[in-house]
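Open the model in your viewer and keep the selection tool at hand. The stops below follow one another, each with something to select.

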Amino acid sequence: MNVSQNLYELLPRTSPLKGKQFPSCAIVGNSGVLLSSGCGPEIDAHSFVISAIVLAAAHEPCWDTPNSLLVVSEVERRSSCPPNPMPPCNLAPVQEYSQDVGMKTDLVTMNPSVIQRAFEDLVNETWREKLLQRLHSLNGSILWIPAFMAKGGKERVEWVNELILKHHINVRTAYPSLRLLHAVRGYWLTNKVHIKRPTTGLLMYTLATRFCNQIYLYGFWPFPLDQNQNPVKYHYYDSLKYGYTSQASPHTMPLEFKALKTLHQQGALKLTVGECDGAT
């Protein structure tokens, strides 16, 4: 595998999560079920907050996650921008939804495809500036970029790496190994959960089991209607449509959710799919 100079500079010596243990962690998906949930204050109260894609399955894996599976970089640089709230998965907005999704995030994922979908492949300076503003808002958090997990994202990852270095963005970059994807899928297959490709939420949960004593999940709902049969947006912040059961999808979200719900019923985690306690 060829590693560019920019990527080499952002590769880690040690993981920022090495030796860490948190009393409680929140993993926040992007489902529209978060809207009007009032979960923001509860999410912000957790020790560590991970913003992840809509669906994750959860279980304490029997295999360890060695540091070689998570390549993380310490880029401790001063940002020229003031601290801003951290956006969730794929740089989704939080400020205008803070009452429902909170303002705190310690780790955020960014699929390379978001550069195409949300930032028009940086076709001009306007879009580059928009991405820069989002990157500055991370303000010291871990930015998880699955550079090696899908084809076609190498160029977009390089664009992001270049911006981080050129503008001294205050983030700690993480580039998970493809081995992590295979290990997570293999684990679930051996436990008779026949996923095709693990969602980002599933990967995030698997990591969280290594450094979180208790795990709480929010915004994980892979259905077009909520429990009261009201319509639910795929993402709380946009109008994207998605076929949860499409055979063309690389994910099996309803199947993952079924496993997730079972673990909730067993007390292994807490899954919130409606209003939070104390929501007004």
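Helices and strands here are DSSP runs, numbered from the N terminus: helices are H or I runs of at least four residues, and strands are E runs of at least two. This is a predicted model, in which local features need pLDDT of at least 70 and side-chain atom pairs count only at pLDDT 80 or more, while totals for chains, interfaces and linings use all residues. Residues are numbered from 1 along each chain as its sequence is written, and side-chain values use heavy atoms, with hydrogens and water left out.

**The whole chain**

The protein chain has nine helices and eight strands. Of its 280 residues, 52% count as buried; buried means under 20% relative accessible area, exposed means over 50%, and partly exposed lies in between (1.4 Å probe, protein chains only). The chain exposes about 13200 Å², and carbon and sulfur atoms supply 49% of that area. Such areas come from the Shrake-Rupley method with a 1.4 Å probe; for residues, only the protein chains shown count as cover. A contact means heavy atoms within 4.5 Å. Among contacts in the chain with a separation of 6 or more, 78% are accounted for by residues 24 or more positions apart.

**A glycine in a loop**

Select G140, in the loop between α5 and β5. Which residues is G140 in contact with, leaving aside neighbours within four places in sequence? They are N170, V171 and R172. The C-alpha atoms of G140 and N170 are 5.0 Å apart, although the two residues are 30 apart in sequence.

**Two residues with positive phi**

Now select D121 and L122. D121 lies in the loop between α4 (113-117) and α5 (125-136), and L122 lies in that loop between α4 and α5 too. Phi of D121 is near 55°, a positive value in a residue other than glycine. For L122, phi is also positive and near 55°. Are these residues buried or partly exposed? D121 counts as partly exposed because its relative accessibility is 22%, whereas L122, at 9%, counts as buried.

**A pair of helices**

Select residues 178-190 for helix α7 and residues 200-211 for helix α8. Two packed helices are described by the angle between their axes and the distance between the axes. Here the angle is about 90° and the axes are 11 Å apart. Axes are lines fitted to C-alpha atoms, for helices over the stretch in contact, and angles run from 0 to 180 degrees between N-to-C directions. The two helices, α7 and α8, are therefore roughly perpendicular to each other (65 to 115 degrees).

Show side chains: L180, L181, V184 and W188 in α7 meet L202, L203 and T206 in α8. These residues divide into six nonpolar, one polar and no charged. Zoom in on L180, which counts as buried because its relative accessibility is 1%. Its C-alpha atom is separated by 8.1 Å from that of L203, 23 residues apart along the chain.

**The largest core**

A nonpolar core is a set of buried Ala, Val, Leu, Ile, Met, Phe, Trp, Tyr and Cys residues joined through side-chain atoms within 4.5 Å. The largest one has 39 residues, and I27, F211 and L217 have the most contacts inside it. The largest share of this core, seven residues, comes from α8.

Finish at L217. Not counting residues up to four places away in sequence, L217 touches I27, Y205, L260, L269, K270, L271 and T272.

Technical notes. Angles under 35 degrees count as roughly parallel, over 145 as roughly antiparallel, 65 to 115 as roughly perpendicular and the rest as oblique. Ala, Val, Leu, Ile, Met, Phe, Trp, Tyr, Cys and Pro count as nonpolar, Asp, Glu, Lys and Arg as charged, and the others, Gly among them, as polar.
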